[in-house]
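Colleague: Could you take me through one part of this model slowly, as I am new to it? I would like to hear about the annotated site and the residues around it.

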Amino acid sequence: MNRIYFFKCSAAGNDFVLFDDDITPDLSLDGKFIRKICDRRLGVGADGIIRIKNSGKADFEMFYYNSDGTGGMLCANGARAALKYVRFAGKVKNNDIVFESSGRRYKGNIVSETEIKFYFSDIGEINVIEDLEIAGRKIAGYEIDTGARHLVININDLKNSAPDELSDFPVVELGRIIRYSERFEPEGINVNFVEFTGPELKIRTYEKGVEDETLSCGTGSAAAAIVAHKIFNYKPPVVLYPKSGDKFIVDFNVNGNKIADVSLTGPAQIIYKGELLNL
Ligand SMILES: N[C@@H](CCC[C@H](N)C(=O)O)C(=O)O
């Protein structure tokens with residue numbers, strides 16, 4: 001069997017195992033294999049898998065899979081990790097990079113050694129759900145597709161029914177109930193709990209496909225920033241702090257009630273490279 005080399009990457013604590021087709025061209029990434037690699041006890045451990053291929057139309061092509069093997073959605077942190085990787089591996093020399101993923105074209109920028117910017121393409125409209133039932137209360141939830149499907153919840157709406165501080169919030173317990181609720185079937189939804197109190201947001205995300213809280217979520221942070229602007233009057237750039245404690249900047253242009261050129265900037269790094277032996 002050919003040797004299977006991989007790279008472990010982290011984008012603001014959202015962690016990935018990355019395979020490069022130039023190094024492992026014959027790798028067959030089926031669901032069972034993905035789940036094993038992502039297992040934190042029996043595998044390498046990761047929130048998801050990234051595969052990088054050469055592209056005739058862009059600098060590279062990226063494929064993303066959640067740790068449960070599902071794929072096809074955008075992973076903005078995965079994209080930032082992939083941008084960091086192609087630069088680290090010397091595949092691109094420019095700071096401005098163009099890539100394809102799931103049939104869409106995206107742009108990225110190497111801001112510095114540690115900071116990577118990703119530009120979203122299509123962002124959907126906000127669907128305000130007025131009667132979301134959480135912790136015995138009916139509150140509003142903000143659903144938005146930023147390339148992945150997200151629900152944004154203002155934790156202030158749950159005052160007296162849940163902890164006031166986001167750091168004490170039962171993200172996994174409540175996130176899982178909402179993610180599996182009938183309303184969001186069959187595909188489910190990623191659930192973001194956000195403190196909209198100060199000038200900078202605090203955010204924690206339950207990710208479907210990982211079925212756990214992750215240390216940060218790029219598409220979720222963009223969803224929260226857009227809700228912050230459209231519902232709570234925040235002006236871009238919106239600064240957010242996910243569970244990892246890293247700083248995210250979501251910037252965009254506003255023209256009337258339209259927003260465009262949405263970008264996410266934050267840290268991304270290649271932590272180590274390794275070889276799979278017993279998987
Ligand atoms: N962590 C990602 C989002 C990954 C996709 C999500 N779990 C889903 O299934 O929709 C990000 O940084 O955007």
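Modeller: Threonine 219 is found in helix α4 (residues 218–230), where helices are DSSP runs of H or I with at least four residues, strands are runs of E with at least two, and both are numbered from the N terminus. This is a predicted model, in which local features need pLDDT of at least 70 and side-chain atom pairs count only at pLDDT 80 or more, while totals for chains, interfaces and linings use all residues. Residues are numbered from 1 along each chain as its sequence is written, and side-chain values use heavy atoms, with hydrogens and water left out.

Threonine 219 counts as buried because its relative accessibility is 3%, buried meaning under 20% relative accessible area with a 1.4 Å probe and protein chains only. Leaving aside neighbours within four places in sequence, threonine 219 is in contact with Leu74, Ala76, Phe120, Thr146, Ala148 and His150, contact meaning heavy atoms within 4.5 Å. The side chains of threonine 219 and histidine 150 are also joined by a polar contact of 2.8 Å, that is, a pair of N or O atoms within 3.5 Å, one able to donate a hydrogen and the other to accept it.

An unreviewed UniProt entry places the feature "binding site" at Asn14, Asn66, Asn190, Gly218 and Thr219, although such annotations may be inferred rather than shown by experiment. These residues are spread over 206 residues of sequence, yet they cluster in space, with a largest C-alpha distance of 14.2 Å.

Asparagine 14, another residue of that record, lies in strand β2 (residues 14–20), and asparagine 14 counts as buried because its relative accessibility is 2%.

Definitions and conventions: Buried < 20%, exposed > 50% of the residue type's maximum accessible area, 1.4 Å probe, protein only.
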